[in-house]
Amino acid sequence: MDRINIQASTDYEVLIGKGLIDSCGTHIRECLFRAQKALIVTDSNVAPLYLGRVKSSLEREGFSVSDYVFEAGEEKKNIDSIAGMWAVMAEEEFTRTDIVVSLGGGVATDMGGFAAATFLRGIKVVQIPTSLLAMADAALGGKTGIDLPQGKNLVGAFHQPSMVIEDTDCLATLPSEVFTEGMAEVIKYAFIMDKELYGVLSEIADSGKAMSLQEDIDTLTKILISCVKDKAEVITEDEKDNGRRQILNYGHTIGHVIERNSNFTLAHGVCVAKGMGIITDACLKSSMMSADTAESIKDLIKAYGLPTEDPITPEDAVSGAMNDKKKRGDTISLILVNEIGKAEIKKMTPEELLEFLR
Ligand SMILES: NC(=O)c1ccc[n+]([C@@H]2O[C@H](COP(=O)([O-])OP(=O)(O)OC[C@H]3O[C@@H](n4cnc5c(N)ncnc54)[C@H](O)[C@@H]3O)[C@@H](O)[C@H]2O)c1
Ligand SMILES: [Zn+2]
């Protein structure tokens, strides 16, 4: 098992290894010794696979355990689900020392974190991410929240977990398309800050093993450790997303617009991959990057089964980006990678962005 320390407003550990689901109770007990009750928040796909094991592990450590199982999918990432969690905790008479344990993909970790951030003005949460995307990204860093009919992630809170437990064996049961989608965020770290990870990922791709990576848990664990360390570094520097943390949005500015325009029929990771591809084309055209670098970026994305293009027009991309909550004032912060392993934040007016994308 590997332990990675994240230094934020509260420090916490990320545990990564095989089989941790069955010993999660012991690790949680070590860091939260006063807690008596735990609410496990999970979805209808993950519950039959892992809920019983997490529950038993917690019960062995003396926790009294309740659960809240929601129907899998982004549609349930809403206030009704949160109200359901609040109700269970109120009925079970949770106190400030009791805890929420989120178990599942990014939807479960975002919601479990938000329910914990708000119940009794904030109780502790432990994140047990089970999707690649949640292990590499969503469960780390304390961003929690829900969607509104008006837009994704519009309501939320920063609430750092007390511990994150990543059992890499869980990746074996992920549907392959969900795994591929998560790879978009993994590849993103390589481009924005981790040349070494880029080397590892391209070596796997060159040996023709990219599409069977899901079966190689040992290699995946190493890759995941790199991603967690990368995210930890960014969070430590900029917990509240005012500066460097924005580099994690690489591919997301245009990706979010494509995702919204598809009415969320296209998966998030697929849209991020397209966004990274489109920005790469624009950088190349503006002579900001070499043809070699552009080719390396797009080849790696494609090698892992993800797209690099989309028919969206520059006009639609810019008007969509202007509606994004992440823009500040009249400018859009675009994340550019002109050299693999280095990202820069470039503020652009809508006119400049249009010119850049045309
Ligand atoms: N808080 C953050 O910093 C942050 C960052 C990125 C994304 N997110 C959020 O994360 C969400 C997307 O996360 P996601 O892609 O994990 O979605 P998800 O939670 O919907 O999980 C994807 C699918 O995989 C299933 N699943 C998860 N783990 C499984 C396993 N081990 N075996 C079998 N099936 C499994 C789920 O039931 C679901 O059907 C979005 O809501 C997004 O806004 C948050
Ligand atoms: Zn993302």
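Predicted model: local features only at pLDDT ≥ 70, side-chain atom pairs only at ≥ 80, totals over all residues.

I found that the cover over the buried residues of helix 3 includes strand 3 (37–43), strand 4 (64–70), strand 5 (99–104), helix 4 (106–118) and strand 7 (143–148).

I then checked the length of helix 3 (residues 79–91): at 1.5 Å a residue its 13 residues should span 18 Å, and the end C-alpha atoms are 18 Å apart, which agrees.

I listed the buried residues of this helix as Ser81, Ile82, Gly84, Met85, Val88 and Met89.

I looked at both ends of helix 3. At its start, a side-chain oxygen of asparagine 78 comes to within 3.1 Å of the backbone nitrogen of aspartate 80. Just after the helix, glutamate 93 has a positive phi of about 55°.

I turned to the sheet, which is open, has seven strands in the order 1-2-9-6-5-3-4, and shows mixed pairing. Strand 1 (2–6) and strand 4 are its edges, each pairing on one side only. Direction ignored, neighbouring strands are turned by 20° against each other on average.

I examined one pair: strand 3 and strand 5 run parallel and are joined by five bridges. Leucine 39 stands opposite valine 100 in strand 5.

Lastly, I recorded that helix 2 (residues 46–60) lies across strand 3, strand 4, strand 5 and strand 6 (124–129), at about 170° to strand 3. Helix 8 (residues 217–237) packs on the sheet, touching strand 1, strand 2 (12–17) and strand 9 (163–167), and its direction makes about 15° with that of strand 1.

Terms used: Residues numbered from 1 in each chain as written. Chains lettered and ligands numbered in written order. Heavy atoms only, no water. Helix = DSSP H or I, 4+ residues; strand = E, 2+ residues; numbered from the N terminus. Expected span 1.5 Å × (residues − 1). Buried < 20%, exposed > 50% of the residue type's maximum accessible area, 1.4 Å probe, protein only. Contact = heavy atoms within 4.5 Å. Polar contact = N/O pair within 3.5 Å; in protein donor to acceptor, adjacent residues only side chain to side chain. Pairing = 2+ DSSP bridges. Axes fitted to C-alpha atoms, helices over the stretch in contact; angles between N-to-C directions.
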